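Here are some notes to read alongside the structure, written for someone meeting it for the first time. Please keep the view open as you go through the points.

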Amino acid sequence: MLADTVHRTGASAGGVYLLDGAGGELGLAVVCGVPSEVAWPWRRLPVDAPVPVAEAVREDRLVWVGSQDEMARGYPRAAARLPYRFALAAAPLPGRNRCWGALLLLWPASHPATASRREQSHITQAARRVARFLDGAVPPPAVPETPRRVPAGTALRPAGGQSLQAAADYTERLPEGALGLDLEGRITFLSRQAEELLGRGAGRLLGTRPWHSLPWLDDAVVEDHYRTAVISRDPVAFSARRPPETWLRFQLYPDASGISVRITRGHEPEPGPRPGAPPPAGSAGTAAGPAPASPGGSQAGRLYQLVHLASALTEALAVRDVVDLVADQVLPAFGADGLVLSAADAGRLKITGHHGYDRETIDRLDGLPLDTLLTPAGHVLATGTPSFFTDAREMARRYPTAPQLSGKQAWAFLPLIVSGRPVGACILSYERPHAFSADERAALTSLAGLVAQALDRARLYDATHDLARGLQQALLPRSLPDLPGLAAAARYLPASHGMDVGGDFYDLIRLGPDAAAAVIGDVQGHNVAAAALMGQVRTAIHATAGDPPDEVLARVDRVLADLETDLLVSCLYGHIDLARHEVRLAGAGHPPPLLTRPGRAASVVDLDPGPLLGIAPGFSYPVTVLDLAPGTTLAFYTDGLVESPGTDLDRVTAELAGMLAAHDGEDLDGLLDMLLGHARPGGHHTDDIALLLMRATPTGGD
């Protein structure tokens with residue numbers, strides 16, 4: 001299906017991202033038209049990441065990026081990780097009852113920078129076709145561990161054996177060499193002249209990547225030329241030196257099926273950074289040639305992934321984000337099989353994340369003293385110097401019991417140091433012996449510094465987040481009072497990913513046998529200060545509950561003025577009189593409640609709101625009186641339920657009101673789930689949500 005979509009839209013490559021079960025992450029399920037190595041670092045994306053695919057899902061709209069300049073302006077970090085010329089479109093996949101994820105399409109650099117309305121319509125229709133396919137899939141598709149790669153469809157001329165032989169004869173008669181690469185960079189064809197120019201026969205080259213099988217081409221710049229051709233679909237040319245002094249000119253011509261390479265004899269390029277010039281000698285093939293590629297991949301592949309990791313680490317918030325990034329990016333870049341990331345805590349190494357280890361092994365390693373002699377972790381932290389062990393025998397000579405702890409066969413122990421202070425250790429391990437080259441050791445040592453900084457920031461974030469979340473949870477009511485004549489249910493949902501704690505709150509306060517105060521509000525900000533102010537606002541409301549709603553809000557406003565806070569607060573307060581069957585409402589910059597009565601259409605209450613609390617004391621807060629006959633349902637909510645980028649606030653609110661009416665009379669807890677599921681079908685919400693439902697019920701006197 002993806003290959004057909006790429007072909008129909010005229011794109012050169014594409015991918016389908018699916019939302020995970022929690023709705024906080026997009027996973028690349030299928031990809032075509034780009035090398036696996038290029039797609040790998042992008043296979044997991046937080047929904048709040050500053051990238052086009054995530055933005056398409058968040059804002060439920062088509063995102064078009066027409067050029068590299070536009071990418072750099074709108075998504076600078078993504079542009080730094082993918083510095084190639086191409087056009088891009090990302091469109092959400094709107095299913096029947098949920099957003100499945102997003103369709104990503106790429107076009108060559110030759111594509112116009114602006115997409116016509118017709119082309120945008122074609123892209124949107126393609127996304128809908130993919131979504132319909134996903135709607136009908138049994139079982140529903142899930143995010144795979146490894147993206148499935150499908151070949152891009154190409155139009156081939158029908159050719160018999162005679163035509164194929166004629167084509168082969170044609171290439172053999174040419175004075176230059178002819179070479180064919182697939183999109184993964186593997187050699188699929190080469191002429192005899194190419195064999196002579198490259199100095200190696202077809203038997204040793206077919207099925208290999210040139211920078212792996214020809215040491216003098218094993219250079220980051222050479223591989224980057226290939227990647228530029230694949231992604232941009234632009235012709236690329238460069239020169240390289242085959243030892244001892246033979247200069248060759250390579251011209252790459254890409255399309256959806258692979259790359260045709262023309263090889264001719266050339267000359268040493270002139271020095272100087274002019275446009276289109278190859279790098280100076282010493283970068284694109286020197287006389288001696290760079291060191292052979294490690295088992296973990298070529299130098300360029302590793303460099304590409306590490307640049308991606310360095311940029312991504314600047315966006316990592318929580319410790320879990322750091323662990324996932326290191327596991328996703330570092331392990332494939334260095335061919336490692338296992339990872340243990342530990343943080344220094346109260347004199348011990350507490351494991352914060354791991355990959356490739358069983359639970360029993362992790363339990364044995366967790367909590368070791370910082371000066372442990374059981375493994376090299378204590379030594380590397382004490383000295384600040386990494387340790388590398390190429391096999392189990394080398395490890396056993398210094399740490400006799402360490403190899404038996406995990407069964408691994410090679411290790412890299414990297415100290416994580418920030419400003420001279422040990423913050424933890426990062427251990428990479430291998431299932432087989434592994435010789436660490438000088439380049440690998442240098443790269444891993446530099447990498448440890450990046451990981452240390454990210455881990456230190458993430459631990460501080462987690463500690464602050466846990467403190468604020470604990471404070472907020474302690475201040476929210478543990479249960480709602482049981483009042484004759486009034487049924488109530490509430491739900492609070494923190495932001496699903498990437499946001500700090502918010503200041504949303506709600507409460508239902510018993511004022512007597514037939515009266516109650518209902519309140520919901522939202523303190524500006526997402527931090528400990530917001531959570532603390534939320535507690536002070538709730539305290540002020542409790543102190544004045546029972547007074548007329550306008551006076552309650554006015555007094556809370558004066559409290560905020562006395563606190564001299566810069567934060568603003570929205571609030572909706574209702575005084576419920578069950579004896580009179582009425583509710584008196586006053587609002588301060590807060591979304592109006594939803595109302596439904598038996599046999600009548602649901603509506604948004606026409607509330608005359610006052611200004612936000614905290615602007616300045618002295619404002620008045622108009623009061624609205626509503627009948628509260630038995631069967632009437634009121635819904636108080638915070639803006640996280642109805643507001644998100646790219647959505648129509650009035651439409652979402654009207655849909656929720658309609659759902660409230662359609663399920664009138666049903667259990668309130670079930671109704672809460674339905675309202676939340678309808679407003680956030682993917683389970684993803686970038687803001688906290690508080691929702692309070694109340695329904696007047698008959699009493700003995702009714």
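Is phenylalanine 389 buried or exposed? Phenylalanine 389 is buried, with a relative accessible area of 1%; buried means under 20% relative accessible area, exposed over 50% and partly exposed in between, with a 1.4 Å probe and protein chains only.

1. Ground rules. This is a predicted model, in which local features need pLDDT of at least 70 and side-chain atom pairs count only at pLDDT 80 or more, while totals for chains, interfaces and linings use all residues. Residues are numbered from 1 along each chain as its sequence is written, and side-chain values use heavy atoms, with hydrogens and water left out.

2. A sheet of 6 strands. This open sheet runs in the order E15-E14-E13-E18-E17-E16, with antiparallel pairing. Strand E15 (368-369) and E16 are at the edges with a single partner strand each, so one side of each has no neighbour in the sheet. Strands and helices here are DSSP runs numbered from the N terminus (strands E, at least two residues; helices H or I, at least four), and two strands pair if DSSP finds at least two bridges between them. Strand E13 (residues 338-345) and strand E14 (residues 348-355) are joined in the antiparallel sense over 7 bridges. Leucine 341 has glycine 353 in E14 opposite.

3. Aromatic pairs. The count comes to 7 aromatic pairs, taking rings of Phe, Tyr and Trp (its six-membered ring) with centres within 6.5 Å, where planes under 30 degrees apart are stacked, over 60 edge-to-face and the rest tilted. Phenylalanine 388 and phenylalanine 436 make a tilted pair, 5.2 Å centre to centre with 55° between the planes. This pair links distant parts of the chain, 48 residues apart: phenylalanine 388 is in strand E16 (residues 387-389), and phenylalanine 436 is in the loop between strand E18 (421-430) and helix H18 (438-475). Phenylalanine 388 is buried at 11% relative accessible area, and phenylalanine 436 is buried at 7%.

4. A pair beside it in the list. The rings of phenylalanine 389 and tyrosine 399 have centres 6.3 Å apart and planes at 85°, so this pair is edge-to-face. Phenylalanine 389 belongs to strand E16, whereas tyrosine 399 is in the loop between helix H16 (392-398) and helix H17 (402-406), 10 residues apart. Tyrosine 399 is buried, with a relative accessible area of 7%.

5. A ring cluster. Which residues do ring pairs link into a cluster? They are Phe388, Tyr430 and Phe436.

6. A sheet of 5 strands. Another open sheet has the order E19-E28-E27-E24-E25, again with antiparallel pairing. Its edge strands are E19 (486-493) and E25 (603-604), each pairing on one side only. E19 and strand E28 (residues 689-696) pair in the antiparallel sense over 8 bridges, and tyrosine 492 has alanine 690 in E28 as its bridge partner.

7. Serine 213. This residue lies in helix H10 (residues 210-213) and is buried, with a relative accessible area of 10%. A polar contact of 2.9 Å connects the side chains of serine 213 and threonine 208 (a pair of N or O atoms within 3.5 Å; within protein, one must be able to donate a hydrogen and the other to accept it, and residues adjacent in sequence count only if both atoms are side-chain atoms).
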